[in-house]
Amino acid sequence: MSQSEQVLSYPIPSREALEPPAEWAELRQGCPVARVTLPSGDEATLLTRYDDVKQVLADPRFTRRLNAPDAARVSDSEDGGLFNSEMAAIIPDSGEGHQRWRRLIGKYFTAKRMAALRPAMAEIAEQLIDDMVKRGRPGDLRADLGFPLPVYVICDLLGVPAADRDRFSYWSDALLNLTKFGKAEVDAARAEFFQYMSEHVAAKRAEPSDDLLSELIKESAAEGEGLTDLELLATGMGLLVAGHETTANMIGKMVSMLLADRTRWERLLADPSLVRTAVEESLRFDANSGFGLPRYLTEETEVSGTVLPRGTTVICSMAAANRDEDVFDGAVDMDLSRSPNPHLAFGSGAHSCIGQSLARTELQVVLEVLLRKLPSLELAVPVEELNRVEGLVVGGLSEVPVRW
Amino acid sequence: MMKVTVDEAKCCGAGQCVLLAPEVFDQREDDGIVVLLEAEPAEGLHAAVREAAAVCPAGAIEAAENA
């Protein structure tokens, strides 16, 4: 794109809820390093090719320091919202500090620990589905199953009582929505959330149990080199926000994609061993994954032949990269047995999603339980009538009406 | 035959390898970093190991064939 051409507004709207905007393919083809305008009005550089997105996400020169004075602000709130916030800067973002934090937390999210949570997750899923069935057709799979399940699981992990789950849902929505809330509401939500987590950390210090925060506190005391109170707070807040809205929305989108063409659902009914690869393909195929990941460049670097000056803010569109025909054969088709499937839904490199085993396990369990309990499941509206939630950092559908 | 190597420094603890090939990979209890259980896995495991190497988000697994 030449300088004189119109600069694209980002995020790029899509006419259909489950389909990517036509611009993605055009950008990958003709303008892989594109200038865009963010909701704040600031300019950034958008990457849409698989190789570029993967390279940048794994390159330590592209930092998460979106609070730098010359970094593009993402949202139009004065401080630029979640990505630019002070809280985002508490957890070390690179090098040894980051690795120390990552490894301290990482042990609580291993594949084995997540597998051990399967029976409890399945029980929650069954209960939520029973409740939805009791309320009668049509149900809203987003509100009845997708949203509650991951909140229950992450609240359990962090030792947050069930009675406070709804407050967490609100706070995480307020912190992750770029446009729905005004600055005063976002600030109030952040302050309340901060206050709640401060008290929660203090309570866990006084009376530790067997949840993740308590374990982290015990470790800090024992080794003298664990996390500070502020790091504990930021970790707890980060894990809650990250562990809630992402998977919650993905459950609704995954089921919608599988029911949009019901031969997909039938294929899974006939062969439930495809659940694992079907979950991965849903993650790859999700055209509504949200904002993407912003990065701030600390020194001049070249990407796809374009020199990016120091101080550039780059937006990595993992969803556009996941549709790259140069990497995925038949990228426009949803192939439930695709393997290997090196999609970038969880990012790449040292910062790739720490909760990815948790997310994968939740998605697999939800799908297994749904196939078993509600084999006749179908969308209760034509797919054209599904609507996206606007303004979220994490993409989702506003409602997923289903019958069975 | 196949020779598998892992790079602990690169590993980000995503756990994909353990989900795909638990006979070959594990994660350390104290930090979630990869543990190689079987450097020369049996042929029946090669496909799973290849997939684990392909999808590792940190590029921390190498599977050299005919090594």
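Gly106(A) lies in helix α3 of chain A, which covers residues 95–106, where helices are DSSP runs of H or I with at least four residues, strands are runs of E with at least two, and both are numbered from the N terminus. This is a predicted model, in which local features need pLDDT of at least 70 and side-chain atom pairs count only at pLDDT 80 or more, while totals for chains, interfaces and linings use all residues. Residues are numbered from 1 along each chain as its sequence is written, and chains are lettered from A and ligands numbered from 1 in the order in which they are written.

**Gly106(A)**
- Gly106(A) is buried because 23 other C-beta atoms lie within 10 Å; with C-beta atoms placed from the backbone, 20 or more within 10 Å counts as buried, 12 or fewer as exposed, and anything in between as partly exposed.
- Apart from neighbours within four places in sequence, Gly106(A) is in contact with Ile354(A) and, across in chain B, with Gly13(B), Asp31(B) and Gly32(B), a contact being two C-beta atoms, placed from the backbone, within 7 Å.

**Where chain A touches chain B**
- The contact takes 20 residues from chain A and 17 residues from chain B.
- On the side of chain A that touches chain B, α3, α4 (111–116) and α15 (356–373) each supply at least two residues, and α3(A) gives the most, with 3 residues.
- By class, that side of chain A has 6 nonpolar, 10 polar and 4 charged residues, where Ala, Val, Leu, Ile, Met, Phe, Trp, Tyr, Cys and Pro count as nonpolar, Asp, Glu, Lys and Arg as charged, and the others, Gly among them, as polar.

**Chain B**
- Chain B has 2 helices and 4 strands, following the pattern β-α-β-β-α-β along the sequence.
- The C-alpha trace of chain B spans about 30 × 20 × 15 Å along its principal axes, and buried residues make up 43% of its 67 residues.
- Among contacts in chain B between residues at least 6 apart in sequence, 59% join residues at least 24 apart.

**Helices α13(A) and α15(A)**
- Helix α13 (residues 275–285) of chain A packs against α15(A) at an angle of about 120°, with their axes 10 Å apart; axes are lines fitted to C-alpha atoms, for helices over the stretch in contact, and angles run from 0 to 180 degrees between N-to-C directions.
- The contact is made by Val275(A), Arg276(A), Ala278(A) and Val279(A) of α13(A) and by Arg360(A), Leu363(A), Gln364(A), Leu367(A) and Glu368(A) of α15(A).
- These residues divide into 5 nonpolar, 1 polar and 3 charged.
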